[in-house]
Amino acid sequence: MVQSRSVSAGSGGTVLRRLLTDPLGCFGLVLVVALVVAAIGADWLSPWTPTALNVRQRLLPPDMTHLLGTDHLGRDILSRVLHGGRIALYVSIVSVSAALTLGCVLGMIAGYGPRWLENALILVFDAVRSFPTVLFALAVVTLVGPSLTTIMLIVVVTTTPIYGRIVRVQTLSLKAQEFVLAERAMGAGPIRVLAHHVLPNLIGPLLILASMEVPVVITIESGLSFLGLGVRPPTPSWGSILNDGYNFIRDTPWPVIAGGVPIVLTTLGFTFLGEALRDIFDPRLQREP
Amino acid sequence: MSPPVLAIRDLSVAYRSRRGRLAALRHVDIEVAANRIVGIVGESGCGKSTLIAAVLGLLAPNAEVMSGTVGFEGRNLLAATPAELRAVRGPRIATIFQDPMTALNPVLSIATQMIDIQYRSDEGATAKRARAIAMLTRVGIPDAAQRIDDYAHRFSGGMRQRIVIGMALLMRPALLIADEPTTALDVTLEAQIVHLLREMRGEIAGSILFVSHNLGLIAELCDEVVVMYAGEVVERAPVRALFHAPQHPYTRLLLACDPARVAEGTFPLPTIPGGLPDLAALPQGCVFRARCPDARAECATPPPLRNIGAGHVARCVRAGDG
Amino acid sequence: MAELLEIDGLDVRYRVVGGWRALLAPRGSRFVDAVLDASLHVAAGETYGLVGESGSGKTSLARAIIGLVPHQAGSIRFRGSPTGGSDRAMRPLRRDIGMMFQDPVASLSPRLTVGRLLAEPFRIHAIPGRDRAAEARRLIAMVGLDAGFLRMYPHQLSGGQARRVGLARALALDPALVIADEPTAGLDVSVQGEALNLLGALQAEHGMGLLIVTHNLPVIRHISDRLGIMYLGRIVEQGPTRAIFRRPAHPYTAGLIAAVPQPDPDIKRDAPPLEGEIPSLRQRPTGCEFHTRCRFATDMCRSVAPDYRLIAPDRGVRCHFPLG
């Protein structure tokens, strides 16, 4: 009998430990956790109601009652930033997961299915990708009207092909690998092969890609809201805070700072976290034998 | 007797890893004399790759030289600067790797690559090209004058390995390191490449360090053989002595496992039960003890490298006992 | 002996030019023939060795048997009934044929533990009434590994251990035929015998047929009853292993046997036994396809393709002038 060695698999604990040893990854993790906590706890963390008007206290600089000051309608900016984060996170997580799911399914069908179906799907992916995102977004908003749902729809439609294409390429290469042939040789059907053997091997890199896609979606949401095509007022959004502040930038810089800094920090946070995770999960980037 | 071209003395290399220090090479002594072909035999994990990397100064960043020297043309390569090493690698020590498919640059023509490697020569481009064509003809590329302008992908695997050998020998190196040069090739091509290497040795008056796990190739090509196991040289001998009178039990078992030596219709095929020791926690005494059919109490202390005479040494307490 | 597997006149063709380009390409160059007119049979309890160099079509032939690649002509009959069709139609057949792939580690699904991998055949065929964990323990013990391996992932195994797991999986459902593609590939000399010894021992116990696809002549010599030698997709010689090794009839077989390096320093060959390289499948030589490398080639060999013919009741060769 040959004895087995005792081994520790790449469990969640190891990933976290390695993440904490990477300064940038650690920084990213802190920012992302802070955003999630702020978004979930916005109702309890906010000192004021984000939509409560107080016209007598317009455009106040930061002080002890309003930590980030107030906007042109006298609303507490800190409360609006916290609630805006909730919107940003909600939009990005819902639309990124929807796009990821759809992209995965379509990509695997394209990669594993018959040639004609693959060609048809690639044609659709390319056609959708060939619209400039901003113009496409403006057109859709004009047709459907601005709302959260519209933003999410735009994000799903424009990013699904990105995932779809990556999944298709990965599926094509996995399909030719011996373990997939071995499963087929044992009699496994397409659904079993895709669900049990293809999907688990491409989901890791894809999740990392998705985490780096989150800030992009947040900027799309903020951008559209900034243009007045996104979240309807008075619902707070980082984009609309920025837009409001932009109109009064000669009176006070605080609303612009309060709306802009979270966007920058969130982008950095997700990007650093995504890159650190990619380094951890991609064995080709590991130095140690 | 002239000094050896390559003299590896007491070389020990360890890798830092999460599981601690892996002692990949321990007290390795290997000499390659002028115009000799020395074969290194060993299975996966024996330290062949680490040895070649150490000679070429291409050890991984987490590798650490614990002791020893690599003497080549009067200096210690382990102490050489990166610039000195670059001057040695290529013109003085040429290397052929296992995979001919990736050894050539796919976006440059063979001519460009073969002229480029002569950059230290003062000759004009025409002379360099002529030398390259002559070399390609020599290694058996038909229509070399025309085909030299082709790109690597236009050649088959066997042809590519011929080109790689030609490129390696173009600068008349003092030492050629061939790292499993035929493993990726079919058996009929393998025979051709080994034949080519044997032909070429006469012309370049160079020495060859030939690394392989194939005992048949070693027997056919080499003058001396070094057997490695788990990072140690366990036996070193002239080729006839090694094949006809192996002294170390590992060598004996390895030879017994070679299906080309086994009598026809033997079943079950001989194997060496057990596995390699853990390099991070080596057992006391002989490294082969756990798999050795003749292991005894005295094997619990490290066996000395015993000299059996005529350049034949073995790291076994019973070596030379008959 | 009852024939388990009968292959007759099999052609396997791959499309090399696809899509709209195929409309422009000349008809002949759209496809390459990986296997041409191959016929062989394997009986229960028999070991058949299919030998060839890379590009000889031996792997394509093996994969065609269980329908991983489609065949364009000829027939494959397993236990007397023809095979073919979709993955779904092939399911019952795949239950009765176990397959081992070339790369011991890469043929194991990387995200599954060994225990799950060994239970896969039972899951795929939804075999009821058997304790899958117990089956996995039975299988791992059968190939000589201890139960601790069941928790490990494929990348934690050595080549030899992964090979045993692949063998255990192939044998999970007591197949009537096992196809092993290069069972010694990537293994050291000291362990390459292990998998074959196991296969042989289990064959003696269960009486299944074995089709071993390999380029390793020294190994196949000891374990096969009969051999088929492939060159450019055709079977050029077939017969009992001992007879072929004693007196090869096809010049290619003779060259292949002579090319094996002998571990004896007193034997020095003057010239390589076979000059030249295997021609491209896209530009097959005229006449006998081996004539470009054959030292006995005549004008007839260069123009007329030889038929496969019997030179003894159990031996056939595709050569105008068989040796011996």
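Contact here means heavy atoms within 4.5 Å. The model is predicted. On that basis, Pro61(A) touches His66(A), Gly69(A) and Trp254(A), when residues up to four places away in sequence are not counted. Pro61(A) sits in a loop of chain A, between α3 (42-45) and α4 (77-112). Its relative accessible area is 46%. Because buried means under 20% and exposed over 50%, Pro61(A) is classed as partly exposed. Ten residues along the chain separate Pro61(A) from Thr51(A), and their C-alpha atoms are 18 Å apart.

Gln192(B) belongs to helix α7 of chain B, which runs over residues 187-204. Gln192(B) counts as buried because its relative accessibility is 4%. Neighbours within four places in sequence were again left aside for the contacts of Gln192(B). One of the remaining partners is Arg162(B), in chain B. Chain C also supplies partners: Pro272(C), Leu274(C), Glu275(C), Gly276(C) and Arg293(C).

Chain C was then examined as a whole. Eleven helices and twelve strands make up its secondary-structure elements. Its radius of gyration is 21 Å, close to the 20 Å that the globule rule gives for 324 residues, so chain C is as compact as a globular protein of that length. The C-alpha trace of chain C spans about 65 × 60 × 40 Å along its principal axes. Buried residues account for 60% of the 324 in chain C.

The accessible surface of chain C amounts to about 12,900 Å². Carbon and sulfur atoms contribute 52% of that surface. Chain C carries 40 positive and 32 negative side chains. The centres of these two sets lie 6 Å apart.

Within chain C, helix α3 covers residues 87-96, and its buried residues are Asp87(C), Met90(C), Leu93(C) and Arg94(C). These residues lie on the same side of α3(C), because they cover an arc of only 110 degrees around the axis. The face turned away from this buried side bears the exposed residues Arg88(C) and Pro92(C). The packing partners of the buried residues come from two chains. Chain A provides α8 (178-185). Chain C provides α2 (58-65), β4 (73-78) and β6 (97-100).

Key
Residues are numbered from 1 along each chain as its sequence is written. Chains are lettered from A and ligands numbered from 1 in the order in which they are written. This is a predicted model: local features need pLDDT of at least 70, side-chain atom pairs count only at pLDDT 80 or more; totals for chains, interfaces and linings use all residues. Side-chain values use heavy atoms; hydrogens and water are left out. Helices (H or I, at least four residues) and strands (E, at least two) are DSSP runs, numbered from the N terminus. Buried means under 20% relative accessible area, exposed over 50%, partly exposed in between (1.4 Å probe, protein chains only). The radius of gyration is taken over C-alpha atoms; the globule rule is 2.2 Å times the number of residues to the power 0.38. Accessible areas come from the Shrake-Rupley method with a 1.4 Å probe; for residues, only the protein chains shown count as cover. Lys and Arg count as positive and Asp and Glu as negative; His and the chain ends are not counted. The place of a charge is taken as NZ of Lys, CZ of Arg, CG of Asp or CD of Glu. The arc is that of the directions from the helix axis to the C-beta atoms.
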